[in-house]
Amino acid sequence: MAGWLRTSAAALVCFVALVLLGRVLPNWFVLVATLAFAKGIVALGLVVLMRCGLVSFGQGIFFCTGAYAAGLTIRLLGLDDGVLLTALGGLLALILGLIIAPLLAGYRGIFFATLTLALSMIAYGILDKVSWLGGSDGFNLHAPSFVGYHPATPQDVSYAIFVLTSLATVVAAALCRIHFDSLRGLLSLAARDNEIRVEYLGASVRWVSGMNFAVAALLAGIGGALSALSLGHIDPDFAFWTTSGEFVFLAILSGYASVTAVFVASIIVELVRSYSSQYFPNTWQGALGLFLLLVILFLPQGLGSLLLVRRGKPKSQEVRAESGK
Amino acid sequence: MTPLLQITGLQKSFGAVVAARDISVFARRGERLGLIGNNGAGKTTFVNLVTGYLKPDAGRVVLDGEDIAGLPPRRVRRSGVSRSFQIPQLFASLTPDENLLIALGIASEDGMSSWRPARSAAMTAGLDDLLTRFRLDEYRHHSIAALPGGVRKLVDVAMAVTHQPKLLLLDEPTSGVAAEEKFPLMDVIMRALAGSDATVLFVEHDMEIVGRYAERVLAFYDGRIIADGPPAAVLGDADVQRYVTGMAS
């Protein structure tokens with residue numbers, strides 16, 4: 001129980017700090033941080049999945065589910081509460097994840113990755129062609145409200161979405177930390193290492209994979225809804241393979257030992273992207289690629305390994321597992 | 001007294017190769033049985049059939065009144081059967097500590113559905129007891145890859161006993177272990193199991209080990225059991241000496 005309390009207290013402190021920081025940081029940085037956190041939540045879901053040995057190249061399908069759920073709720077039902085839309089985005093993505101999970105839970109490696117990619121591209125195709133979903137251009141969203149609060153200025157809207165995203169981030173991060181430190185979290189690492197032994201010990205690898213997949217879907221849906229609210233626009237690119245690839249990029253960059261590292265990595269990538277697109281508008285993807293290359297060369301276990309070394313954590317459970325060495 | 005394990009007419013073929021030919025055998029509760037036979041005699045196939053890794057073509061495997069033949073390993077385990085492996089099947093990226101925690105967690109009442117911390121007080125107590133019984137204390141935080149072969153075997157067996165099985169199958173527990181370490185290894189395993197009424201079947205090639213630790217021996221040859229009885233009688237059997245131990249005069 002002490003672990004739960006410590007994690008919850010840390011999450012609360014982080015949330016308060018973020019809320020205060022959001023007030024003093026420039027608006028452009030608040031926007032960057034909001035998007036970074038929203039994408040970080042999706043990457044955190046991927047990390048959950050990677051801990052049981054699976055990599056999804058199709059998280060875009062859940063990301064777009066969350067985004068379109070939020071957008072269509074505003075557009076069709078007129079409901080615009082940010083908290084409700086975020087919860088709805090996560091819930092619908094979770095339901096979709098629970099439907100797909102039994103179909104994919106028996107697959108591993110490249111087969112799993114390819115199937116998830118295929119599903120996300122089917123979603124992209126549908127979104128691109130169906131006109132009442134906005135077609136290839138997508139559609140715009142008006143600014144949401146927040147539990148009865150209607151921000152007056154665009155800056156207030158940005159700040160309110162930042163606070164909501166920060167709340168979702170710290171809650172997701174805390175729950176994932178508790179999950180990683182639990183028996184269930186340890187079982188994910190076991191399923192990745194030796195499926196046969198897990199079955200012989202009496203647990204189901206399919207169940208572990210399926211549950212992790214559903215959690216990843218939920219987080220992707222939440223991230224999608226928050227991204228849509230932050231950008232004020234939705235289009236089929238939310239489901240495109242490059243979007244899914246970006247989440248894999250983030251997960252590799254952070255490694256899967258540290259929850260905090262996922263969000264640190266996400267902010268770094270958003271900053272690199274912002275500056276690169278400003279100074280090298282035609283080659284910014286190359287700059288991102290070079291950055292990832294350097295990380296793989298010099299930090300093969302991701303940024304998280306730096307944080308763990310600082311905390312003096314034993315190498316066995318986390319870092320060594322992460323690299324597969 | 002009804003035997004714990006009653007196997008009748010167990011058969012398994014792989015194409016033209018018959019790995020189990022109409023095997024019928026029983027085991028009493030708490031009995032220690034040694035399984036001997038040359039390579040390809042069908043010992044590991046027998047273990048795999050009992051533990052659900054292979055489905056028999058025919059036959060029954062009744063454990064404590066329940067037919068477990070053909071059930072998957074997870075279900076067989078829930079019925080009270082556990083096993084260790086010739087090549088230890090461990091979670092290689094974790095420490096022995098963590099390997100055992102996972103085994104204990106799955107064996108615990110709420111299984112792995114729990115979000116409770118892996119190192120709760122109850123789990124730690126169980127872990128410490130297991131580490132002490134199997135003399136693994138000094139290795140608990142080592143990397144699995146860095147462990148000596150014998151220690152890996154002990155971790156493998158320790159993981160198998162976490163849910164207090166009714167039937168424990170040990171597939172060559174001393175294989176790959178230096179000659180001088182075999183008896184100490186078996187001593188540790190048998191002492192760790194001393195308080196348990198589990199029936200133990202162990203596959204073994206070393207006849208001295210079999211002679212010392214088995215109460216009864218099953219000799220396999222060509223997918224059949226050719227001898228079943230006390231160690232002295234089985235090891236002295238002419239067919240066993242001809243086909244298994246190679247000590248025929």
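Student: What makes B:Leu5 count as buried?

Tutor: B:Leu5 has 22 C-beta neighbours inside 10 Å. A residue is buried if 20 or more other C-beta atoms lie within 10 Å of its own, exposed if 12 or fewer, and partly exposed in between; C-beta atoms are placed from the backbone. B:Leu5 therefore counts as buried. This is a predicted model: local features need pLDDT of at least 70, side-chain atom pairs count only at pLDDT 80 or more, and totals for chains, interfaces and linings use all residues. Residues are numbered from 1 along each chain as its sequence is written, while chains are lettered from A and ligands numbered from 1 in the order in which they are written.

Student: Which residues does B:Leu5 touch, leaving out those up to four places away in sequence?

Tutor: B:Phe26, B:Ala27, B:Leu63, B:Leu167 and B:Thr199. Contact needs C-beta atoms, placed from the backbone, within 7 Å. For scale, the C-alpha atoms of B:Leu5 and B:Ile225 are separated by 16 Å, though the two are 220 residues apart along the chain.

Student: In which element is B:Leu5 found?

Tutor: In strand S1 of chain B. Strands (E, at least two residues) and helices (H or I, at least four) are DSSP runs, numbered from the N terminus.

Student: How do you know that S1(B) and S2(B) pair?

Tutor: Pairing requires at least two bridges found by DSSP. S1 (residues 5-14) and S2 (residues 17-27) of chain B have 7, in the antiparallel sense. B:Ile7 has B:Val25 in S2(B) as its bridge partner. The two strands form a hairpin with 2 residues between them, and B:Gly15 in the turn has a positive phi of about 65°.

Student: What joins S1(B) to S4(B)?

Tutor: 5 bridges, and the strands run antiparallel. S4(B) covers residues 58-63. There B:Ile7 stands opposite B:Val61.

Student: Why are S6(B) and S10(B) said to stand at the edges of their sheet?

Tutor: The sheet is open, with 6 strands in the order S6-S7-S8-S3-S9-S10 (chain B) and mixed pairing. S6 (81-84) and S10 (224-229) each have a single partner strand, so one side of each is left without a neighbour in the sheet. The twist averages 20° from one strand to the next. S10(B) pairs with S9(B) (residues 216-221) over 5 bridges, antiparallel. One of the bridge pairs is B:Val217 with B:Gly229.

Student: Which helix lies across S6 and S7 of chain B?

Tutor: H5(B), residues 149-160, running at about 175° to S6(B). Axes are lines fitted to C-alpha atoms, for helices over the stretch in contact; angles run from 0 to 180 degrees between N-to-C directions. H9(B), residues 238-245, lies across S3, S9 and S10 at about 130° to S10(B).

Student: How do you know that the length of H10(A) agrees with a helix?

Tutor: The expected span is 1.5 Å times one less than the number of residues. For the 14 residues of H10(A) (241-254) that should be 20 Å, and the end C-alpha atoms are 20 Å apart, which agrees.

Student: Why is H10(A) called largely enclosed?

Tutor: 10 of its 14 residues are buried, so the rest of the structure largely encloses the helix. Among them are A:Phe247, A:Phe249, A:Leu250 and A:Ile252. Just after the helix, A:Gly255 takes a positive phi of about 75°.

Student: Is A:Tyr256 buried or exposed?

Tutor: Buried, with 28 other C-beta atoms within 10 Å. A:Tyr256 is found in the loop between H10 and H11 (259-279) of chain A.

Definitions and conventions. Two residues are in contact if their C-beta atoms, placed from the backbone, lie within 7 Å.
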